[in-house]
Amino acid sequence: MPSFMKDEMSKKDEQKLKEMQKEIDEAEAAENAGTADADAETADAPEGAESADGAAEAAESAEDLQKKVETLAAALQEKDNRLKRLQADFENFRRRTSKEREEIGNVVTQELLKNLLPIVDNFDRAMATEQQDGEAFKKGVEMIYTQLGETLKNVGLEPIETEGQKFDPNFHQAVMRVENPDLDDDTIAQELQKGYIVKGKVIRPSMVQVVSNS
């Protein structure tokens, strides 16, 4: 529960306690001082009996109010205790979920790096061989690049399509506007840097040139 709600509840309960306490004080004052005014229905009653009746009523009223105050105070204490328990439970939940997220992140990172190790091994082998045959070396690097792409795709990484697409600020970052009468305005003219998404979430927008003929 937010602190302002707790403060508001406490203020209302405290105000009610004050009001009840005031009534108790007034009743006790009436009991000590006696009843000054008699009701019209008891005007003929003896003065001593009237005072005794008034004092008894005041004492009974004060006792009832005191019980109400004690009940309200107990309810307020229970609310405060319950709030403290909820705060403790929430703090424990926050720490537990934070630790779980950290552990999951570590597992994901370890799995990704493990999948990348064969690619690193292939790069090591390629760099260790004699590079007399440039064409063979190029094909080897292309194979490694393909292997890397497949590994990244398996963990959810996908390139953002730009060829022939309209500029979309959710996926593209326009760094330059160019004129091209063969293309409509806001069409992507060239991709300068490839962008990527992971399971529908953009982790890097594509850096592009956008057509603007006007």
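pLDDT is the predictor's confidence in each residue, from 0 to 100.

**Entry 1: confidence**

I started with the ground rules: this is a predicted model, where local features need pLDDT of at least 70, side-chain atom pairs count only at pLDDT 80 or more, and totals for chains, interfaces and linings use all residues. Numbering runs from 1 along each chain as its sequence is written, and side-chain values use heavy atoms, with hydrogens and water left out.

I then looked up the chain average: mean pLDDT is 78, with 72% of residues at 70 or more. Helix 1 (residues 3-33) has the lowest confidence in the protein chain, at a mean of 58, while strand 6 (residues 206-211) has the highest, at 95. Helices (H or I, at least four residues) and strands (E, at least two) are DSSP runs, numbered from the N terminus.

I noted that residues 1-7 stay under 50, and that the model gives them 5 contacts (heavy atoms within 4.5 Å) beyond four places in sequence. Residues 35-46 are also below 50, with 7 contacts beyond near neighbours in sequence.

I traced an open sheet of 3 strands, in the order 1-4-5 with antiparallel pairing. Strands 1 and 5 are at the edges with a single partner strand each, so one side of each has no neighbour in the sheet. I get an average twist of 35° from one strand to the next, where axes are lines fitted to C-alpha atoms (for helices over the stretch in contact) and angles run from 0 to 180 degrees between N-to-C directions.

Pairing here needs at least two DSSP bridges between two strands. Strand 1 and strand 4 are joined by 3 bridges, and Pro159 sits opposite Tyr196 in strand 4. Strand 4 (residues 196-198) also pairs with strand 5 (residues 201-204), antiparallel over 3 bridges, with Ile197 opposite Val202. Strands 4 and 5 make a hairpin with 2 residues between them, and Lys199 in the turn has a positive phi of about 50°.

**Entry 2: the largest pocket**

I checked the largest pocket next and read about 300 Å³. A pocket is an open set of points on a 1 Å grid over the protein atoms alone, where a 1.4 Å probe fits, with protein on both sides within 12 Å along at least five of seven lines; lining residues have an atom within 4 Å of a point.

Which element gives the most to the lining? Helix 3 does, with 7 residues. Helix 3 (134-154) and strand 1 (157-159) each supply at least two. The lining includes Tyr145, Glu150, Pro159 and Tyr196.

Conventions: Grid points are joined across faces, edges and corners, and a volume is the space filled by probe spheres set on the points.
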